[in-house]
Amino acid sequence: MSSSDERLALRLVRGEETALGELYDRFAPLVHGLALRVLDDQDAAEQLTRDVFARVWTDPGHWHPGQGTLRSWLGRLTHRQAVERLREDCTDERRIAARSAAASAHHAVASLPDPLREAIAPGHHDGRTYRDTARRLGIGESAAKHRMRLGLQLVAGELAAGRDGDDTCDDLRSGARGTAGGGTRPEPVPAAGRPGP
């Protein structure tokens with residue numbers, strides 16, 4: 001678990017606006033990309049990105065280290081919200097399930113550390129053996145085998161965690177808006193000069 005995740009989460013709970021800016025800078029591409037994969041609509045993905053960060057800002061105490069990294073938690077939250085939005089406009093459950101699964105798999109692979117992602121990412125792996133992967137990456141065969149195995153195990157774990165659900169996301173979805181200080185916080189707006197998703 002990253003201590004930087006914990007420090008950032010603590011700063012959010014204290015209401016530090018600069019922490020929201022850092023969270024946005026670090027994770028907006030992830031949130032937007034995942035929303036876009038599920039919703040397949042740029043405007044809807046941008047709106048969902050704003051909504052996810054607004055929810056984290058108005059009720060930041062829901063993440064804790066036992067839930068994995070901030071990245072994986074935000075990914076699960078975004079995925080769940082995106083699927084809910086898709087269901088509002090689409091009644092074809094097969095289409096919803098296909099988009100949801102593809103987005104989950106992409107997020108799980110994208111969340112891997114670079115060396116593991118390079119070993120198994122679609123477009124890099126394409127059914128190659130660990131020997132082919134070792135040659136492509138310029139590493140030993142045993143290292144390639146280890147990276148591929150570990151990467152696939154981590155992806156499977158991330159996908160299983162997403163299927164198991166997360167009560168935290170349910171709490172956020174239910175509209176809990178309180179803050180530690182009893183006040184309300186404004187919706188986050190990207191600072192001037194900060195690129196949007």
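This is a predicted model: local features need pLDDT of at least 70, side-chain atom pairs count only at pLDDT 80 or more; totals for chains, interfaces and linings use all residues.
Helix 3 contributes Gln47, Leu48, Asp51, Val52, Arg55 and Val56, and helix 4 contributes Trp73, Leu74, Leu77, Thr78, Gln81, Ala82 and Arg85. Sorted by class, this contact holds 7 nonpolar, 3 polar and 3 charged residues. The chain that contains the pair has 197 residues, of which 40% count as buried.

**Overall architecture**

- The chain has 9 helices and 0 strands.
- Read from the N terminus, the order of elements is α-α-α-α-α-α-α-α-α.
- Among contacts between residues at least 6 apart in sequence, 67% join residues at least 24 apart.

**Helix 3 with helix 4**

- Two packed helices are described by the angle between their axes and the distance between the axes.
- Helix 3 spans residues 42-58 and helix 4 spans residues 70-89; their axes come within 10 Å and cross at roughly 130°.
- An angle over 145 degrees would count as roughly antiparallel, and the helix 3 and helix 4 pair is therefore classed as oblique.
- The crossing of helix 3 and helix 4 is right-handed.

**Helix 2 with helix 5**

- Helix 2 (residues 17-39) packs against helix 5 (residues 93-110) at an angle of about 155°, and the two axes are 8 Å apart.
- Helix 2 and helix 5 are therefore roughly antiparallel to each other.
- The crossing of helix 2 and helix 5 is right-handed.
- On the helix 2 side, the residues in contact are Leu30, Leu34, Arg37, Val38 and Leu39, and they meet Arg99, Ala103, His106 and His107 of helix 5.
- By class, the contact of helix 2 with helix 5 comprises 5 nonpolar, 2 polar and 2 charged residues.

**Helix 1 and its buried face**

- In helix 1 (residues 3-13), the buried residues are Asp5, Leu8, Ala9, Arg11 and Leu12.
- Viewed down the axis of helix 1, these buried residues fall within an arc of 160°, so they line one face of the helix.
- An α-helix has 3.6 residues a turn, so residues three or four places apart point the same way.
- The cover over the buried residues of helix 1 includes helix 2, helix 3 and helix 4.
- Just after helix 1, Gly15 adopts a positive phi of about 85°.

**Glu22, a residue of helix 2**

- Glu22 lies in helix 2 and is partly exposed, with a relative accessible area of 37%.
- When residues up to four places away in sequence are not counted, Glu22 touches Leu8 and Arg11, both of which are among the buried residues of helix 1.
- Glu22 and Leu8 are 14 residues apart in sequence, and their C-alpha atoms are 8.1 Å apart in space.

**Leu112, a residue of a loop**

- Leu112 is placed in the loop between helix 5 and helix 6 (114-120).
- The relative accessible area of Leu112 is 6%, and buried means under 20%, so Leu112 is buried.
- Leaving aside neighbours within four places in sequence, Leu112 is in contact with Arg117, Ile120, Gly151, Leu154 and Val155.
- Leu112 and Leu152 are 40 residues apart along the chain, and their C-alpha atoms are separated by 9.6 Å.

Notes:
Residues are numbered from 1 along each chain as its sequence is written. Side-chain values use heavy atoms; hydrogens and water are left out. Axes are lines fitted to C-alpha atoms, for helices over the stretch in contact, and angles run from 0 to 180 degrees between N-to-C directions. Helices (H or I, at least four residues) and strands (E, at least two) are DSSP runs, numbered from the N terminus. Angles under 35 degrees count as roughly parallel, over 145 as roughly antiparallel, 65 to 115 as roughly perpendicular and the rest as oblique. A crossing is left-handed if the near helix is turned anticlockwise from the far one by less than a right angle, and right-handed if clockwise. Contact means heavy atoms within 4.5 Å. Ala, Val, Leu, Ile, Met, Phe, Trp, Tyr, Cys and Pro count as nonpolar, Asp, Glu, Lys and Arg as charged, and the others, Gly among them, as polar. Buried means under 20% relative accessible area, exposed over 50%, partly exposed in between (1.4 Å probe, protein chains only). The arc is that of the directions from the helix axis to the C-beta atoms.
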